[in-house]
Amino acid sequence: MKILMFGRGVIATLYGWALEGAGNKVDFYVRPGRAAQLGPDVKLNIYDLRRKDEQDQFIRQDWNIHMREDLPADHDYDMIIVSVPHYRLSEVVNFLSTRTSRATILILNNFWEDPQIATADLPQDQLAWGFPAAGGGFQPNGKLFGALFPKLEFGTFGTEPTGRELSTRKVFTDAGFTFGEHRNFREWLWVHFAVSAAVTAEQLRAGTPRRDVYKNKDQSMEKAVRVVREIMPVLSARGVVIEDHPELTFFSQPEAAVAKALSEMLGNTAFQAAIDGHANPEELNRMFKDVLEESHRLGIVTPLLDAAKDKLI
């Protein structure tokens with residue numbers, strides 16, 4: 001399959017590497033001038049958890065990629081994969097609206113807007129929807145530190161996956177991934193967005209690294225659990241049925257028990273590498289601000305969110 005990764009961000013790079021390793025032809029679209037600035041060599045220092053043997057999971061590799069700075073309307077890509085900061089998605093949609101050709105457009109993105117409205121200028125019958133399980137960041141020396149997890153999420157909006165969407169899933173299973181399937185993907189995306197905003201709120205409030213929140217240092221994860229509970233009425237006001245999302249009802253258990261379970265689940269070396277490598281605080285800040293502004297718009301009192309708003313990075 002011929003695949004175009006939109007941009008050369010962390011998610012695009014990690015999945016591009018994995019998909020090329022499975023025999024696909026992978027290119028990267030970058031803005032004019034960026035190819036010379038970035039150079040063709042990517043230095044990977046990542047954990048690949050598709051590998052069963054822990055001794056083989058850490059990858060240190062120089063990878064030569066192909067970038068292009070143009071995308072004609074009649075291109076022959078089978079798939080274009082988009083994963084960008086949510087506040088930049090409208091630019092991407094505008095650019096691709098006249099350049100989809102016959103490709104499947106796989107959207108691997110955060111959303112606080114309605115996903116279908118946000119992508120209305122793209123041909124809906126060519127879209128597939130997912131969410132990545134990978135993370136990290138490029139360091140000043142150009143190395144990519146992070147992790148690639150074996151399971152990602154796919155979803156639809158109340159329908160069964162189409163043939164095009166099933167083909168998208170097969171591309172990833174052929175590359176050694178597993179996946180979860182969600183029929184109410186709009187709500188799933190909003191829940192994920194809100195929970196991430198809650199962790200960011202506690203990180204900002206405490207002035208602590210994100211990894212310390214996940215490790216529950218100074219009970220910071222317990223406090224983040226309280227923020228999630230505070231955000232639940234915001235989600236409910238948007239139409240999310242809390243009881244339909246086990247990942248939300250989980251937060252109704254005693255704070256200490258939830259924090260302990262999360263810290264144990266997320267405390268592995270690979271996850272910490274993904275958190276430590278994250279080099280775009282603006283994305284996290286914008287997620288927090290979007291949820292805070294929505295709570296104000298709806299008239300919902302969120303004192304824990306408010307306590308963090310003056311500490312934006």
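Reader: Why is Ile107 called buried?

Author: Good place to start! Buried means under 20% relative accessible area, with over 50% called exposed and the range in between partly exposed, using a 1.4 Å probe and protein chains only. Ile107 has a relative accessible area of 2%, so Ile107 is buried. A quick note on the source: this is a predicted model, where local features need pLDDT of at least 70, side-chain atom pairs count only at pLDDT 80 or more, and totals for chains, interfaces and linings use all residues. Residues are numbered from 1 along each chain as its sequence is written, and side-chain values use heavy atoms, leaving out hydrogens and water.

Reader: Where does Ile107 lie, and what does Ile107 touch?

Author: Ile107 is in strand 7 (residues 104-108); strands (E, at least two residues) and helices (H or I, at least four) are DSSP runs, numbered from the N terminus. Not counting residues up to four places away in sequence, Ile107 touches Val82, Ala128, Trp129 and Gly130, where contact means heavy atoms within 4.5 Å.

Reader: What makes Glu202 buried or exposed?

Author: Glu202 has a relative accessible area of 2%, so Glu202 is buried. Glu202 sits in helix 6 (residues 185-206).

Reader: Which residue does the side chain of Glu202 make a polar contact with?

Author: With the side chain of Arg205, at 2.8 Å. A polar contact is a pair of N or O atoms within 3.5 Å; within protein, one must be able to donate a hydrogen and the other to accept it, and residues adjacent in sequence count only if both atoms are side-chain atoms.

Reader: Why are helix 8 and helix 10 called roughly perpendicular?

Author: The axes of helix 8 (residues 220-237) and helix 10 (residues 255-266) come within 8 Å and cross at roughly 110°. Angles of 65 to 115 degrees count as roughly perpendicular, under 35 as roughly parallel, over 145 as roughly antiparallel and the rest as oblique. Helix 8 and helix 10 are therefore roughly perpendicular. Axes here are lines fitted to C-alpha atoms, for helices over the stretch in contact, and angles run from 0 to 180 degrees between N-to-C directions.

Reader: What about helix 8 and helix 12?

Author: Helix 8 and helix 12 (residues 281-298) pack at about 65°, with axes 10 Å apart. That makes helix 8 roughly perpendicular to helix 12. Ile231, Val234 and Ala237 in helix 8 meet Val291, Glu294, Ser295 and Leu298 in helix 12.
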